[in-house]
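Subject: A structure for you to look through

Hi there,

Here is the structure I promised to pass on. Have a look at it first, and then read on for what turned up.

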Amino acid sequence: MNTHDPSMEETLFFGQLMESSSPIELLKQILMNSQHAIVVTDADRDHGYRVVYANQVFCRQTGYELAELIGQSTSILQGPKSNRRVLARLSPALEKNGYFYGSSVNYRKDGSMYPVEWNISAITNDAGEVTHYISLQKDLTNMRRLVRQIRDSTEVFKQFYLDSLGKGSRFGSGSDSVLKALKRSAKLLNGRLKLKDNVELFQDAFPYQEPEEDKFDELFFDLDEASAGEADQRLNKQALSAEEFWADSPIEEDDVESIVGALSELESETGLIELNGYSEARFKNVARLYKELANTLYFCIEFNDGALMIDEVAERLDAQATNSSFPIEFLLMFNKDISSWLNEVFVEKQADNVFAGESNAIMAGEQLLSLIGKEC
């Protein structure tokens with residue numbers, strides 16, 4: 001039986017620390033010297049959580065002097081573009097869990113906007129009653145700029161890569177490395193690939209189609225734990241029928257043949273796995289076929305999300321090929337969703353919505369990856 005109590009251990013170490021410094025002096029040093037923007041408020045929800053302290057980093061970030069902030073509700077930092085959905089969840093989350101993690105848009109004293117990440121925790125007294133809240137806030141402006149640069153450079157090089165392929169160039173022996181680098185960048189910018197329990201602020205903050213420079217509409221989404229299940233909403237692309245999809249001939253016939261051929265081989269390989277059970281060789285072959293599918297789909301921009309998920313499963317499957325306890329039934333479910341989706345779009349060409357099957361496949365892939373992480 002494990003008798004280790006982390007909270008007791010922390011209390012003991014904290015007690016030793018207090019022997020050489022008073023609590024007030026220690027708290028003052030932490031708040032004043034922190035490189036993070038910190039604001040402390042009272043716990044009065046009815047009055048909008050009034051500021052009782054803000055460090056200099058917070059003051060510089062918002063443009064307010066400390067004397068201007070004291071006694072003011074933190075609502076003075078909100079404005080027309082602030083995410084109301086996030087704000088509506090803040091108080092209930094604090095009262096239920098004692099903490100809140102999310103993001104929105106704040107407004108400085110001069111009226112300018114900036115994207116911000118919040119990490120808010122309750123402060124309690126000896127009776128366990130919440131008396132204050134402390135919030136660490138991070139300005140995400142530089143991250144937003146960096147993501148834009150990554151996205152733009154990736155798109156430019158991706159087009160260059162495609163143009164070069166069309167001219168018969170394969171970048172010599174570096175072709176595979178180029179493709180992998182492009183995929184890594186796409187994964188950074190793609191919010192649908194991540195598992196729900198690993199969702200990062202980064203992925204929700206920067207959509208593929210970024211708003212104009214001075215607009216923040218739909219830019220930020222809450223990452224509070226209670227809303228993690230809503231990650232599926234990001235899969236809901238605007239419906240597009242197969243007829244509409246094929247009207248612009250979005251993919252070459254040779255690529256269609258590659259997809260159909262890979263699907264046929266996958267059906268055979270997974271059928272044998274279902275019949276005979278685990279086989280390292282067949283796992284390796286399924287991983288290879290998934291890679292082929294992902295490489296073809298990746299350059300059909302409408303299906304980048306599905307391609308990245310297939311690629312992720314392929315990498316994990318290849319790495320776990322020697323593990324006989326691999327959850328085969330979930331691999332078969334994933335493969336069934338992949339096959340159904342791609343057959344509808346590329347073989348039958350009769351789907352009412354070409355993204356519906358992709359969404360199912362992505363969710364099946366997320367489930368498979370989460371099980372691999374827990375069981376293998």
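Predicted model: local features only at pLDDT ≥ 70, side-chain atom pairs only at ≥ 80, totals over all residues.

Glu-269 is buried, with a relative accessible area of 16% (buried means under 20% relative accessible area, exposed over 50%, and partly exposed in between, with a 1.4 Å probe and protein chains only). Glu-269 belongs to helix α10, where helices (H or I, at least four residues) and strands (E, at least two) are DSSP runs numbered from the N terminus. Leaving aside neighbours within four places in sequence, Glu-269 is in contact with Arg-282, Asn-285, Val-286 and Leu-289; contact means heavy atoms within 4.5 Å.

One of those partners, Asn-285, sits in helix α11. Asn-285 also counts as buried, at 18% relative accessibility.

Residues are numbered from 1 along each chain as its sequence is written, and side-chain values use heavy atoms, with hydrogens and water left out.

Now the chain as a whole. Its secondary structure comes to 14 helices and five strands. The chain has 376 residues, and 41% of them count as buried. Among contacts with a separation of 6 or more, 62% are between residues 24 or more positions apart.

Next, a pair of helices. Two packed helices are described by the angle between their axes and the distance between the axes. Helix α11 (residues 280-298) and helix α13 (residues 328-348) have axes that come within 13 Å and cross at roughly 35°. Axes here are lines fitted to C-alpha atoms, for helices over the stretch in contact, and angles run from 0 to 180 degrees between N-to-C directions. The crossing of α11 and α13 is left-handed, that is, the near helix is turned anticlockwise from the far one by less than a right angle. Residues making the contact include Phe-283, Tyr-290, Leu-293 and Leu-297 of α11, and Ile-338, Trp-341, Leu-342 and Phe-346 of α13. By class, this contact has eleven nonpolar, one polar and no charged residues (Ala, Val, Leu, Ile, Met, Phe, Trp, Tyr, Cys and Pro count as nonpolar, Asp, Glu, Lys and Arg as charged, and the others, Gly among them, as polar).

Which residues touch the most other members of the largest nonpolar core? They are Tyr-290, Leu-293, Phe-303 and Phe-346, in a core of 48 residues. Such a core is a set of buried Ala, Val, Leu, Ile, Met, Phe, Trp, Tyr and Cys residues joined through side-chain atoms within 4.5 Å. At least two residues of this core come from each of α9 (242-247), α10 (253-276), α11, α12 (304-319), α13 and α14 (354-375). A second, separate core of twelve residues includes Leu-94, Tyr-114, Val-116 and Tyr-133.

Two residues deserve a look for their backbone angles. Most residues other than glycine have a negative phi. Tyr-49, however, has a positive phi near 55°, and it lies in the loop between β1 (37-42) and β2. Tyr-49 is buried, with a relative accessible area of 9%, and its contacts beyond four places in sequence include Gln-72, Leu-94 and Tyr-133. Lys-349 has a positive phi of about 55° and is found in the loop between α13 and α14. At 37% relative accessibility, Lys-349 counts as partly exposed.

Finally, Val-51 lies in strand β2 (residues 51-54) and is buried, with a relative accessible area of 5%. Val-51 and Ile-70 are 19 residues apart in sequence, with their C-alpha atoms 5.0 Å apart in space.

Happy browsing!
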